[in-house]
Amino acid sequence: MTKTQTADGGREAGVRHTLGLTVPLAALALLTGCGGSAAHICTLMDSPAGIRVEVHPELANAVADATLTACWDGTCRQRTLRLRETYSEESPTPGNPVMTTESPTTPETPAARAPQTPKPFNWPGFVLLPDLPGKPIHVRLVFRNQQGATVLDRPITVTPQLTYPNGRDCSPGGHQGRLKVTGEGSLVPR
């Protein structure tokens, strides 16, 4: 933009530039002022009730079997705890052409395959406990190595908290507890 001198010696382009910024800024201020009074939109996103366990990677890699037992109101619920992501649902078995070098005796057609029943998804480090309350519960973690020896056996009391996946202006999700296992084997609430 070139600046031109006006009869009074002022700069016309500078005034136009200032007015050009003022109008959009005023409109933005009006929009943000009105945005505060708009209703918060709640989605159908939910968060399940359960306990999240964060385990130090070195310890997690040494564990072959992990269980979490949660007790409240005189009842205990024991769950298997996966500590890391698994990449294959199939285990190598004799005669399985996908996993071994053996060839099947008869060719398998897609129509001859039995439909697979999907297993429920389970996040690593998270156990689902649908009726988990928002009061203190007793939790015990037991980890075993490949030889079956116990590498961790720790009790702790934790109070699960409500989750708000859509923000506090929307309905809450499930109660969730959070625990952390350090590399030294200490168990702490988070």
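The legends below describe close-up views of a predicted model.

Residues are numbered from 1 along each chain as its sequence is written. Because the model is predicted, local features need a pLDDT of at least 70 and side-chain atom pairs count only at pLDDT 80 or more, while totals for chains, interfaces and linings use all residues, and side-chain values use heavy atoms, with hydrogens and water left out.

**View 1. Confidence along the chain.** The protein chain averages a pLDDT (the predictor's confidence in each residue, from 0 to 100) of 74, and 60% of the residues score at least 70.

View 2. Helices (H or I, at least four residues) and strands (E, at least two) are DSSP runs, numbered from the N terminus. Seven of the eight residues of β2 are buried, where buried means under 20% relative accessible area, exposed over 50% and partly exposed in between (1.4 Å probe, protein chains only). Strands count as paired if DSSP finds at least two bridges between them; β2 and β5 pair in the antiparallel sense over seven bridges, and the bridge partner of alanine 66 in β5 is phenylalanine 143. Six bridges join β2 to strand β3 (residues 75–80), again with an antiparallel course. β2 and β3 form a hairpin with two residues between them, and aspartate 73 in the turn has a positive phi of about 50 degrees.

**View 3. Leucine 68 and its surroundings.** Leucine 68 lies in strand β2 (residues 65–72) and is buried, with a relative accessible area of 0%. Its bridge partner in β3 is arginine 79, while the C-alpha atoms of leucine 68 and glutamine 78, 10 residues apart along the chain, are separated by 5.7 Å. Not counting residues up to four places away in sequence, leucine 68 touches several residues, including Ile51, Val53, Val127, Val139 and Leu141.

**View 4. The largest nonpolar core.** A nonpolar core is a set of buried Ala, Val, Leu, Ile, Met, Phe, Trp, Tyr and Cys residues joined through side-chain atoms within 4.5 Å. Of the 26 residues in the largest such core, Ile51, Val53, Val139, Leu141, Phe143 and Val181 touch the most other members. At least two residues of this core come from each of β1 (50–55), α2 (57–62), β2, β5 (137–144), β6 (150–158) and β8 (175–181).

**View 5. Salt bridges.** The structure holds four salt bridges, each defined as a side-chain nitrogen of Lys or Arg within 4 Å of a carboxyl oxygen of Asp or Glu. Glutamate 54 forms one of them with arginine 190, the closest N and O atoms being 2.3 Å apart; this pair links strand β1 to the segment after β9 (187–189), 136 residues apart. Glutamate 54 is partly exposed at 35% relative accessible area, whereas arginine 190 counts as exposed at 53%. The side chains of aspartate 131 and arginine 77 also meet in a salt bridge (3.3 Å, N to O); aspartate 131 lies in the loop between β4 (126–128) and β5 and arginine 77 in strand β3, so the pair ties together parts that are 54 residues apart in sequence. Arginine 77 is buried, with a relative accessible area of 14%, and aspartate 131 counts as partly exposed at 45%.

Definitions and conventions. Contact = heavy atoms within 4.5 Å.
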